[in-house]
Amino acid sequence: MSDVHVPRLASGVRLHRDEVRARDVLLFPEGALVLNDTATQVLAFCDGVRTFDEVVAAVSELYGGADVRDDVAELLAGIRDQGLMDRDDE
Amino acid sequence: MTSNAPQVAGQGVGIPYPLLLVAELSYVCPLHCPYCSNPTGILGTKRSTELKTDDWTRVFGEAGKLGVLQLALTGGEPLLRKDLEELCTAGRDAGMYSTLVTSALPNLTERLPGLQAAGLDHVQISIQHSNREESDRIGGAVSYDKKLEAARRVVELGMPLTINVVLHRDNLDDVGELIDLAASLGARRLELANTQYHGWATVNRAALLPTLEQVTRGEQVVNEKRAQYGSSLDILWVLPDIFEDLPKPCMGGWASDAIILDPTGRALPCQSAATIPDLEHLSVTEHSLFDIWFDSETFNRFRGTDWMQDPCQTCPLQRQHIDFGGCRCQALALTGDITATDPVCHLSPHHGALVAKREELLAVRDEDRPAYVYRTTSPARG
């Protein structure tokens, strides 16, 4: 079961470290989405080069080889539903 | 700001850090829209009084350290600033997400690649009507073709585009065409904001106020078009206060989210607050943004609920923390009392006067509507 689409932030969406509130956010037109630590880790791997499979592998390594595939898929789908991510296969 | 914007208690007790800085870079504008929300006192404004590049750069740095995430570069017309590229870079360096709020005149198309390279994130272009002649007439300047050209260039460059339209009697029947136009330009967001009666819109209220039927039909069309375009176009629809019976929160609550800076550097919690006579206008040339936000009497004046009187103080709908008593400027304008409940609220003892005013304005027949008083900074045009 391989998935080689490349997830990436939509154009005009930026990952930002909000130092004042000690958290990471996605910034986009007129808004901000607060990220938890896991979301930040996953998005850091969504560099527009890594495929979904490679993102999953990189995250899994951070968690001692745990099966994180479903969690990563769910997280990215949630961000995509808000129009903040694109896939290269659509 | 979206509802998922971060809300965290900050320095002072219960005072959150600000999220938005609205930088009005110049009051001068190539357009003359009769509903402009700028104060009417801009007549005779001199550009020599505008903040210098260094001032803005320093203030943007302070804003970033205060936790501001969104920067609106607006006016008047921000493109009249020759240093706009430098200001975009200053905003980016301060960590803020920047939006250029513009008429697209005089030269947005030409400057876009440079602005993008300098760090600009997002462009919001106003359109007055989907019909060229009407758009130019309402804006008081030939501008429609340049706006469309610039909008297409924004999308070509891969930047997010928002189209905004201020709605009133002369363009509410055009909402469907305006939505189709925004979609065809590749906009991701469309702000359809019915005129709020502040600034120049107050002067032109009898000319601009739509009929109730227009507002109702407009809302229907918006709902149909939302279904048609789905998530490809985010359509915001803002009703005019005057047709409602519960108030809107002023700027999400007085001094809870935003700082507005006028072109001379005076700081206020909302754009219309300049109409409140005894409010001290602190300038960023003399005070830090930090002190203005946390410690100034102006920004603290209507925070919380202690300042409220009845019916707000004992609101039966428990809306003190939802609408914060509504708009302070409107309360002052219609009741003479700055701490009164916004008379849009049906619980306000002054609500009847607002309804009477609305009825009077709605009774104005089309042929009796006054001509626009066009917004201008030039006394000669008057």
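**A short tour of chains A and B**

Hi everyone! Along its sequence, chain A runs β-β-β-β-α-α-α-β, which gives three helices and five strands. Helices here are DSSP runs of H or I with at least four residues, strands are runs of E with at least two, and both are numbered from the N terminus.

A word on the source: this is a predicted model, where local features need pLDDT of at least 70, side-chain atom pairs count only at pLDDT 80 or more, and totals for chains, interfaces and linings use all residues. Residues are numbered from 1 along each chain as its sequence is written, chains are lettered from A and ligands numbered from 1 in the order in which they are written, and side-chain values use heavy atoms, leaving out hydrogens and water.

Back to chain A: its C-alpha atoms fill a box of roughly 40 × 30 × 20 Å along the principal axes. Of its 90 residues, 43% count as buried, meaning under 20% relative accessible area with a 1.4 Å probe, protein chains only (exposed is over 50%, partly exposed in between).

Now to chain B, which has an open sheet of ten strands in the order 7-6-5-4-3-2-1-8-9-10, with mixed pairing. Its edge strands are strand 7 (234-238) and strand 10 (282-283) of chain B, each pairing on one side only. To pair, two strands need at least two DSSP bridges between them. Strand 1 (residues 20-24) and strand 2 (residues 70-74) of chain B pair in the parallel sense over five bridges; there, Leu20(B) has Gln70(B) of strand 2 as its bridge partner.

Finally, look at Ser135(B) in helix 4 (residues 132-139) of chain B. Ser135(B) is buried, at 0% relative accessible area.
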